[in-house]
Amino acid sequence: MTAQSVVVDVLLAAGVALAVAGSVGVLLMASPLDRLHYVTPVSVVSAVVVAAAVVVKESFDARGLKAILVAVTLLFLGPVLTQATARAARVEQHGDWRLEAGEKRRGRR
Amino acid sequence: MNAWLAAAAVVVATLLPVGIFSFRGPMFDRVVGLELASVLGTLALVLLAEGFDRDIYFDLAVVFAVASFAGTLAFVRFLERWL
């Protein structure tokens with residue numbers, strides 16, 4: 001077993017474990033906004049880690065570059081989709097995405 | 001079975017509960033399930049492409065990533081504006 005295969009296996013295990021953890025988080029959370037927090041790490045970190053595993057194995061040939069293209073696509077488009085979904089969920093709950101009168105931002109003291 | 005195919009099997013197995021989740025519950029919970037299923041499907045295609053040693057499968061993953069983004073975004077905007 002070479003160092004390259006060990007690195008590939010570790011990266012693969014990390015990417016898949018994160019994907020499974022994100023899926024469990026989505027299934028267990030109570031509201032759509034809470035669930036969305038578990039989608040973005042899968043689309044951002046898992047995709048990059050899996051692409052890194054492909055690049056470590058194949059170097060920067062056609063496969064490596066296509067894996068990077070997939071990772072970059074998910075890296076930039078995933079958060080956009082998450083933001084759009086959160087906004088739509090907020091509009092569905094409150095009629096508008098902006099703060100209502102007297103409402104405080106979540107997470108701020 | 002190599003490590004790539006084993007990883008793909010785990011990701012595809014994860015797609016099953018997420019797929020069931022997308023068929024049940026409130027509307028936006030289903031959208032979140034669809035969004036996650038799109039990402040998992042893209043990852044599974046990349047892993048299968050490497051596992052089966054086929055270059056052409058990577059193209060499928062690229063197309064699926066872009067097309068699923070456009071489809072889900074259109075779906076979300078439709079829900080926001082008209083439902």
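## Helix 1 of chain A

Let us start with helix 1 of chain A, residues 3-28: its 26 residues should span 38 Å at 1.5 Å a residue, and the end C-alpha atoms lie 37 Å apart, which agrees. The expected span is 1.5 Å times one less than the number of residues, and helices are DSSP runs (H or I, at least four residues) numbered from the N terminus. This is a predicted model, in which local features need pLDDT of at least 70 and side-chain atom pairs count only at pLDDT 80 or more, while totals for chains, interfaces and linings use all residues. Residues are numbered from 1 along each chain as its sequence is written, with chains lettered from A and ligands numbered from 1 in the order in which they are written.

Which residues of helix 1 of chain A are buried? They are A:V8, A:L11, A:L12, A:G15, A:V16, A:A19, A:G22, A:S23 and A:V26; buried residues have 20 or more other C-beta atoms within 10 Å of their own, exposed ones 12 or fewer, and partly exposed ones a count in between, with C-beta atoms placed from the backbone. Their cover includes helix 2 (32-36) and helix 3 (39-58) of chain A, along with helix 1 (3-22) and helix 2 (27-51) of chain B.

## Where the chains meet

Contact here takes C-beta atoms, placed from the backbone, within 7 Å. On that basis 38 residues of chain A touch 35 residues of chain B. Helix 4 of chain A gives the most to chain A's side, with 18 residues. That side divides into 25 nonpolar, seven polar and six charged residues, where Ala, Val, Leu, Ile, Met, Phe, Trp, Tyr, Cys and Pro count as nonpolar, Asp, Glu, Lys and Arg as charged, and the others, Gly among them, as polar.

## A helix pair across the interface

The axes of helix 1 of chain A and helix 2 of chain B come within 11 Å and cross at roughly 170 degrees, which makes the two helices roughly antiparallel (an angle over 145 degrees). In this pair, A:A19, A:G22, A:S23 and A:V26 meet B:V32, B:G33, B:L36, B:L40 and B:L43. By class, the contact has six nonpolar, three polar and no charged residues.

## Two loop residues with positive phi

A:S59, in the loop between helix 3 and helix 4 (62-94) of chain A, has a phi near 65 degrees, a positive value in a residue other than glycine. A:S59 is exposed, with 10 other C-beta atoms within 10 Å.

In chain B, B:D53 lies in the loop between helix 2 and helix 3 (56-82). B:D53 is not a glycine, yet its phi is positive at about 60 degrees. B:D53 is exposed, with 10 other C-beta atoms within 10 Å.

Methods. Contact = placed C-beta atoms within 7 Å. Axes fitted to C-alpha atoms, helices over the stretch in contact; angles between N-to-C directions. Parallel < 35°, antiparallel > 145°, perpendicular 65-115°, else oblique.
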